Amino acid sequence: MTQKYLIPLAAVFLLFLVAYTGAGAGLGWFFGIVFPYLAIIAFLVGFVIKVMGWARAAVPFRIPTTCGQQKSLPWIKQNRIDNPDTASGVFVRMLLEIFLFRSLFRNTKAAFSRSASNRITYSWEIFLWVAALAFHYAFLVVLLRHFRFFTSPVPFPVQFLEALDGIVQLGLPGLFLSGVVLPAAALFLLARRLFDQKVRYISQASDYFPLFLILGIAITGISMRYFTKVDITAVKEMTMGLVTFSPTIPDGIGNLFYAHMFLVSVLFAYFPASKLMHLGGVFLSPTRNMANNTRAKRHVNPWNYDVPIHTYEQYEDHFRDKMIEAGLPVEKKE
Amino acid sequence: MTKNMIVTGLAVFVLAVLSPFWFNLVTTTQAAPEPELLGRAKEAKKCVLDKYDMRANHMSLLDEWRDAVVRDADRIYVAANGHTFNMSLSTGENSCLGCHEDKAKFCDACHTYTSVNPYCWECHTNPKEIQ
């Protein structure tokens, strides 16, 4: 099973080395300009194709997962969020799902108890939820902070976010909290796949690759900020060139920057083809985004066509004589 | 989810992803600052580090200087080029701002451009502002 994580790990190393040595050999324009543009196009086109494919998929049944009391008799209290019957209830449910990962909060783990009875027991397992939440929000902060490379002058909200993220004022350049939380949470998610045998058994290369890729991006980025350093003004000149469609390659940007940029571009290009599409998918999960109102409303399968049916009346009309002859009861005698 | 809702959401997402591109089209974009040496710095032709090293590493150097001065009372920095400098941001002729006289051009232009907000000036003062 080791090849399931060794191959993605080697792939990320290889991608890093390709860009690092390639930029050193004067191919900075490819890793810094051509590939990022291609990656953005691949990301958007792939994303739209994928979501439109899902939009076309039939959802013939109301299949919300119900996690509370359904709307019933007036004196039975309904759980409006976990078993919504209205659009507003569904909206709140989706909001909690998207921003707080509510379904993951209920995560349980199954294990055999160590006592003599050896019975299977289920317990609440909150750490996956904690790490997932920390990981996603740290990543969001990192992503939004990077807008300082794509706007000039930098808008106030981005500066405010930077100030909040760097509130501990440790070291120079100041430590960003997201720079600690993101790798720590990603490492936890990786450790879970590697050391929890049950999760390891179901983990595939496509589970490890995004984790290694994101860790690679984080490590190269953190290295540039805190350890190996880059000329940040030159870097911004370059990124501004990309977003204003006048790409340039200024002097004095280290190869590490191109490696960082290339890994980010790979992440973007790979995104629509991977499990990372849960970014779009979470909005479209039929078990979450539907109201449980099957008792109140009649939902007709949208592609029902007229099936020639043979009702009992027709059956009786057909066989009446024979039925009477055999002494069977009939509804109409003649 | 109706198809209209999905398409609307998708359009918003695509616009958000492309925001760095259209944001720079609808707003006026400030160009990168052109670093230039003025006054004494122009004549001196020597600095604590060479040009690219300085651009990338000056904050670490200042951090080390601060520790050296505050904790060890060590105020003399011998640069790789053999010259000695006073480890000071803003005091005296042999300090950073003693030579690079224009803080706005020397410090602020790039810091503002890259949205870096150093807390040097919560304790230090620009010598020009005192006079």
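**Questions on the two chains**

Val69(B) sits in helix H4 (residues 51-72) of chain B, where helices (H or I, at least four residues) and strands (E, at least two) are DSSP runs numbered from the N terminus. This is a predicted model, in which local features need pLDDT of at least 70, side-chain atom pairs count only at pLDDT 80 or more, and totals for chains, interfaces and linings use all residues. Residues are numbered from 1 along each chain as its sequence is written, while chains are lettered from A and ligands numbered from 1 in the order in which they are written.

Me: Is Val69(B) buried, exposed or partly exposed?

Reply: A residue is buried if 20 or more other C-beta atoms lie within 10 Å of its own, exposed if 12 or fewer, and partly exposed in between, with C-beta atoms placed from the backbone. Val69(B) has 17 other C-beta atoms within 10 Å, so the class is partly exposed.

Me: Which residues is Val69(B) in contact with, leaving aside its neighbours within four places in sequence?

Reply: Two residues are in contact if their C-beta atoms, placed from the backbone, lie within 7 Å. Glu36(B) is 33 residues from Val69(B) along the chain, and their C-alpha atoms are separated by 29 Å. Leaving aside neighbours within four places in sequence, the residues in contact with Val69(B) are Asp74(B), Arg75(B) and Met87(B).

Me: Which element of chain B has the lowest mean pLDDT?

Reply: pLDDT is the predictor's confidence in each residue, from 0 to 100. Chain B averages 87, and 98% of the residues score at least 70. Among the elements of chain B, helix H1 (residues 3-17) has the highest mean, 94, and the lowest, 76, belongs to helix H7 (residues 127-130) of chain B.

Me: Is Ser115(B) buried or exposed?

Reply: Ser115(B) lies in the loop between helix H6 (103-113) and H7 of chain B. Its phi is near 55 degrees, a positive value in a residue other than glycine. Because Ser115(B) has 20 C-beta neighbours inside 10 Å, it counts as buried.

Me: And is Phe245(A) buried or exposed?

Reply: Phe245(A) is not a glycine, yet has a positive phi of about 55 degrees. The residue is placed in the loop between H10 and helix H11 (255-270) of chain A. Phe245(A) has 10 C-beta neighbours inside 10 Å, so it counts as exposed.

Me: Which element gives the most to the side of chain A that touches chain B?

Reply: The contact takes 31 residues from chain A and 28 residues from chain B. On the chain A side, the elements that give two or more residues are helix H2 (28-56), helix H6 (156-165) and helix H10 (232-243). The one that gives the most, with 5 residues, is H10(A).

Me: How are H2(A) and H11(A) oriented to each other, roughly parallel or roughly antiparallel?

Reply: Axes are lines fitted to C-alpha atoms, for helices over the stretch in contact, and angles run from 0 to 180 degrees between N-to-C directions. H2(A) and H11(A) pack at about 20 degrees, with their axes 8 Å apart. Angles under 35 degrees count as roughly parallel, over 145 as roughly antiparallel, 65 to 115 as roughly perpendicular and the rest as oblique. H2(A) to H11(A) is therefore roughly parallel.

Me: And H9(A) with H11(A), roughly parallel or roughly antiparallel?

Reply: The axes of helix H9 (residues 205-227) of chain A and H11(A) come within 9 Å and cross at roughly 150 degrees. The pair is therefore roughly antiparallel.

Me: Which residue does a cis peptide bond join to Leu172(A)?

Reply: Omega is about -5 degrees for this bond.
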